[in-house]
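Hello,

Here is the structure we talked about. Please look through it before you read my notes.

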Amino acid sequence: MLKRKDYHYLYDITHRVTPLAEDCGTLCGRACCQPGRDSDLGIYLFPGEETMFTRRESWLTWEEQNPAEQLFPASWPDPVYFVRCTGTCPRDKRPLACRLFPLVPHLQKDGSMLLIYETMHLPYTCPLITRQIKLQQQFVSTVKKVWKLLLQDPCIRDLIVDDSRYREENNLPIQAVEG
Ligand code: SF4
Ligand code: SF4
């Protein structure tokens with residue numbers, strides 16, 4: 001499992017890179033940061049990422065969940081941490097998933113990685129995905145670097161393998177993103 005020092009490094013290299021040179025939140029009213037009608041939207045932390053937080057952050061609420069019940073691979077540690085934010089956060093503290101969106105890795109059967117747009121059903125529309133807006137090269141290359149490190153964690157790799165096979169079996173779009 002990745003350690004706090006690994007997450008420190010990943011937070012550091014993603015701190016200032018953004019998908020577009022301008023604030024993409026102006027395209028959609030910051031759709032991916034809205035807590036949802038019933039304040040039910042949130043994200044999962046990666047295993048070990050919880051060490052980056054005090055759990056006293058006023059902008060986050062925490063839920064410990066059973067990984068098997070949430071259909072994570074059997075290798076995932078129990079519990080998994082699901083966090084919900086208030087819709088604003090100190091930028092340097094935001095979870096890693098927020099920093100990588102809207103790109104995800106796709107692991108091909110030969111083990112090679114493609115970086116693609118998120119294919120999971122989302123409860124909002126991200127114009128970066130729907131309009132396939134060209135992303136900054138620095139963002140794409142940084143996200144790729146982050147995923148190469150994350151994939152060294154066997155739990156995370158198991159999840160990405162499962163997601164990749166699901167994508168293929170369901171004919172979801174797999175198109176490498178260029179920066
Ligand atoms: S939904 Fe997409 S375009 Fe809107 S703020 Fe989030 S990443 Fe940017
Ligand atoms: S933690 Fe910050 S970046 Fe992530 S969804 Fe909430 S407001 Fe947006």
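First, the ground rules. This is a predicted model, in which local features need pLDDT of at least 70, side-chain atom pairs count only at pLDDT 80 or more, and totals for chains, interfaces and linings use all residues. Residues are numbered from 1 along each chain as its sequence is written, chains are lettered from A and ligands numbered from 1 in the order written, and side-chain values use heavy atoms, without hydrogens or water.

Ligand sites

A residue counts as near a ligand if one of its heavy atoms lies within 4 Å of it. By that rule, Cys24, Gly25, Cys28, Cys32, Phe101, Cys126, Pro127 and Leu128 surround ligand 1. This shell has seven nonpolar residues, one polar and no charged. For these classes, Ala, Val, Leu, Ile, Met, Phe, Trp, Tyr, Cys and Pro are nonpolar, Asp, Glu, Lys and Arg are charged, and the others, Gly among them, are polar.

Ligand 2 has Arg30, Cys32, Cys33, Trp59, Cys85, Gly87, Thr88, Cys89, Arg94, Pro95 and Cys98 around it.

Arg30 sits in the loop between α1 (4-14) and β1 (43-44). Helices (H or I, at least four residues) and strands (E, at least two) are DSSP runs, numbered from the N terminus. Arg30 is partly exposed, at 34% relative accessibility. The scale: buried is under 20% relative accessible area, exposed is over 50%, and partly exposed is in between (1.4 Å probe, protein chains only).

Glu118 lies in the loop between β5 (113-117) and α3 (127-130). Glu118 is buried, yet has no salt bridge. A salt bridge needs a side-chain nitrogen of Lys or Arg within 4 Å of a carboxyl oxygen of Asp or Glu. The nearest side chain of opposite charge is Arg167, 4.7 Å away. Lys and Arg count as positive, Asp and Glu as negative; His and the chain ends are not counted.

What does the side chain of Glu118 reach? It reaches the backbone nitrogen of Met120 at 3.0 Å. Leaving aside neighbours within four places in sequence, Glu118 is in contact (heavy atoms within 4.5 Å) with Phe101, Pro102, Val104 and Ile129.

Salt bridges

The whole structure has six salt bridges. In one of them, Glu63 meets Arg84 (2.9 Å, N to O). This pair links distant parts of the chain: Glu63 is in strand β2 (residues 60-65) and Arg84 in strand β3 (residues 80-85), 21 residues apart.

Glu168 meets Lys109 at 3.6 Å, N to O. Glu168 is in helix α5 (residues 154-169), and Lys109 is 59 residues away in the loop between β4 (103-107) and β5. Lys109 is exposed, at 70% relative accessibility.

Arg165 and Glu168 form a salt bridge too (2.9 Å, N to O). They are three residues apart in helix α5, so about one helical turn separates them. Shared partners join Lys109, Arg165 and Glu168 into one network.

Backbone details

A cis peptide bond joins Asp78 and Pro79, with omega about 5°. Pro79 is in the loop between β2 and β3. Phe101 and Pro102 are also joined by a cis peptide bond, with omega about 10°. Pro102 is in the loop between α2 (96-100) and β4.

Best wishes

Notes:
A polar contact is a pair of N or O atoms within 3.5 Å; within protein, one must be able to donate a hydrogen and the other to accept it, and residues adjacent in sequence count only if both atoms are side-chain atoms.
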